[in-house]
Amino acid sequence: MKPSTIKFDDLSLPGAPRIAVPPPGPKSKELLEYQAAHESSAISYAKGMPMAVRRARGATVEDADGNLYIDCFGGAGVMAVGHGHPQVLKAAHEQIDLVTHALDIPTQARKDLGEMLIRALPKELTRLFFGGPTGSDAIEQAMKLAKYNTGRIPFIAFEGGYHGMTAGALALTTTASHKEGLLPLVPEVHYAPYGYCYRCAFGRRPEECSMECTQYLDRMLTDPHSGVMKPAAVVVEPIQGEGGSIVPPARFMPNVREICDRHEVLLICDEIQCGLGRTGKMFAFEHTGTVPDVVTMSKALGGLGFPISAIAYRESLDTWPTAKTIGTFRGNMIAYAAGAAALRFMMESGLLEHAERLGLTALKLLEALEKDSPIIGEARGKGLMLGVEFVTDKETKKPAPMLARRMRTLCHQRGVMIEVGGHYGNVARFLPPLVISEALLRRAIEIFSDSVREIEQNPS
Ligand SMILES: Cc1ncc(COP(=O)(O)O)c(C=O)c1O
């Protein structure tokens, strides 16, 4: 099935966006109030986009009051093949009828997903380990594997990186607000500057860049007085997600790979968000000509949001003895079946080419908006992982987190779901299902642009 033959609009609910009742409507309110009364105060997405969800298809979501939204967040990048994709749903249903839990004992579904992953991964990454249900768990497994193989404890991660919420993953994450009151987590994690050219840590403009960021990483590993003991691994998102959809310069990843090789340090690529088709390639590191030693995966891996995570790594690292790392949920039967069906659809339908082409179209529209808006510092991204950074002033680049949050609210009220991220919480983020049609994405960006105009006219 090639993209020309897929009717992307048919995968989504017709008529979106359609706001019949200003959200949250009465039915949504009732569920939100129940949640507020009985669940943790840490709940967050439901506060940013106050609604209750009734059903979802493709790149559209219907709330409990019948409002229809264009989903440009896709469950934080989980819904690559879209909500309720028919082939994937069928595979999940069939698996539910067969068997739903089998520890790490093999099943056909487990083999099917394994085979699809081995087909998708570079030939150097031959070993798979299916972990617990979340991306954070994949990060913990990758850290454990690196420590076990190198006998070293320290890690280097990057400023702006987000790797999850469990102790090890949170230690690699740099978001201060997530860590406040919880330190110490794990010892000896150090942070290098990322290739975030809009806010270069060294004050360079792209035309005067000598890749000071990766030079600094090299210095951390070379200078005996850098304060950094030789790490087990460098952990990097080839394209930063929560950090604000940041695409580093072309030399960034090859330099990081070369530095890791020269210092005999493992390279872990966190592809939990940017992987599995999101950027128009199966893995974001493929844009850079590099191959990591370990890759972490989750989010889109479970096909329709069934929770699962995995790491893939080089054969030489497969030194673990039996039961060195165990758990009740090592994989997920329904996620295997759904994930294998989703990956098959991705590879055989030309979905990645669709995501790449649509991403370019969307980026052009957002860049045009950036050009003539005084409150947009930069529009950026790759494939369908896009971000728009809001500032109060284009010269000073002062971050405007309030504007990004207002954008989320205005878009939501008009039937478009987006999220907010970035170092300063000032980046509006687009992570739509890759099956979004061009018409729906253009409509979402039109609504986004109208909301920018409204804020420009009434900035406070
Ligand atoms: C790059 C990256 N790594 C790790 C994680 C953690 O995944 P999870 O929330 O499933 O634990 C995320 C979540 O957003 C992520 O974006």
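Two strands pair if DSSP finds at least two bridges between them, and helices (H or I, at least four residues) and strands (E, at least two) are DSSP runs, numbered from the N terminus. This is a predicted model, in which local features need pLDDT of at least 70, side-chain atom pairs count only at pLDDT 80 or more, and totals for chains, interfaces and linings use all residues. Residues are numbered from 1 along each chain as its sequence is written.

Q: Which residue of β8 is the bridge partner of V234?
A: Strand β8 (residues 266-270) and β7 are joined by four bridges and run in the parallel sense. Within β8, the partner of V234 is L267.

Q: Which residue of β7 is the bridge partner of F155?
A: Strand β5 (residues 155-158) runs parallel to β7, with two bridges between them. The β7 residue bridged to F155 is A233.

Q: Are the residues of β7 that point either way buried or exposed?
A: A residue is buried if 20 or more other C-beta atoms lie within 10 Å of its own, exposed if 12 or fewer, and partly exposed in between, with C-beta atoms placed from the backbone. In β7 (residues 233-236), A233 and V235 point one way while V234 and V236 point the other, and all are buried.
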